[in-house]
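Subject: A structure for you to look at

Hello,

Here is the structure I promised you. Please open it and keep it beside you as you read.

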Amino acid sequence: MTTTLDTAAVPLTIDDATADLLFREARTVKRFTDEEVTDEHIAAAYDLMRWGPTSMNISPLRYLVVRGTEAKDRLCAYTMEGNHAGIHAAPLTLVLAADLDFHVHMDRLAPHAPGIGDHFASQPALADSMGRMNATLQAGYFITALRAAGLQVGPMGISDAEGLDADLFAGTAWKSLFIVNVGHAVADVEGATHPRAARLESHEVSRVL
Ligand SMILES: Cc1cc2nc3c(=O)[nH]c(=O)nc-3n(C[C@H](O)[C@H](O)[C@H](O)COP(=O)(O)O)c2cc1C
């Protein structure tokens, strides 16, 4: 494909306001109001996110809720200094992680595949690659679900994932992926978002066999 396709000819099954909220107008946010984000807000987003597909329904995403200056300082030790102001600006930060021990839930998650949990437990390299890939997929669903729950997000990287895991996830098989600052965006404030950058066109990123 080399030319722009006429997507206007294909009606969406969601209304324009929803398409804008979830995708076209959704922005990465760096400045937030003081308005509280409760555990219920996050759980409401999780309740949407969890229905997104994963390989064999392994559902490996886990999240740590980080609130308050002391906890945020502990988290900041594992992130780049340039991200610290954004982390502290948010009422809440999520650390998204892949649980490489996802096999313990497989009897419940995949009753159609008896013994599959033992299979993953005996193959740590497979569990690692499947766990990280599927948890990252779920992390993308989570961002969209948080937006559907009326929240704004600012995803950020982790500079010392091993250090973070050894500290915050000690005694578990959780492996951190990235963090997401969550809150309500401050409207029309300098620095709240970057200027919107372009996205690639479908014909630039696809081929047809
Ligand atoms: C996994 C991930 C890691 C990111 N890491 C950082 C980061 O470390 N610092 C930062 O300021 N922004 C970070 N971002 C934000 C991206 O730069 C931003 O989402 C992207 O440019 C799109 O911006 P927009 O949603 O406003 O269009 C990250 C985003 C994602 C999804």
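Below is what was found in it, starting with the inside.

First, some ground rules. This is a predicted model, in which local features need pLDDT of at least 70, side-chain atom pairs count only at pLDDT 80 or more, and totals for chains, interfaces and linings use all residues. Residues are numbered from 1 along each chain as its sequence is written, and side-chain values use heavy atoms, with hydrogens and water left out.

**The inside**

Start with helix α2, residues 39-49. Helices (H or I, at least four residues) and strands (E, at least two) are DSSP runs, numbered from the N terminus. Ile42, Ala45 and Met49 of α2 are buried. Buried means under 20% relative accessible area, exposed over 50%, and partly exposed in between (1.4 Å probe, protein chains only). Seen down the axis of α2, its buried residues fall within an arc of 60°, so they line one face of the helix. That arc is taken from the directions from the helix axis to the C-beta atoms. What covers these residues? The cover includes β1 (61-66), β2 (92-99), α7 (124-148) and β4 (174-183).

Now the largest nonpolar core. Such a core is a set of buried Ala, Val, Leu, Ile, Met, Phe, Trp, Tyr and Cys residues joined through side-chain atoms within 4.5 Å. The largest one has 22 residues. Ile42, Leu94, Leu96, Phe142, Leu146 and Val182 have the most contacts inside it. Two or more residues each come from α2, β2, α7 and β4. The largest share, six residues, comes from α7. A second, separate core has 12 residues, including Val66, Ala97, Met156 and Ile158.

Leaving aside neighbours within four places in sequence, its contacts (heavy atoms within 4.5 Å) include Leu61, Tyr63, Phe142 and Phe178.

**The loop between α2 and β1**

Most residues other than glycine have a negative phi. Met56 has a positive phi of about 55° and is not a glycine. Met56 sits in the loop between α2 and β1. Asn57 is found in that loop as well. Phi of Asn57 is near 60°, again positive in a residue other than glycine. Asn57 counts as partly exposed, at 32%.

**Before α1**

Ile14 lies in the segment before α1 (16-24). Ile14 is partly exposed, with a relative accessible area of 36%.

Best wishes
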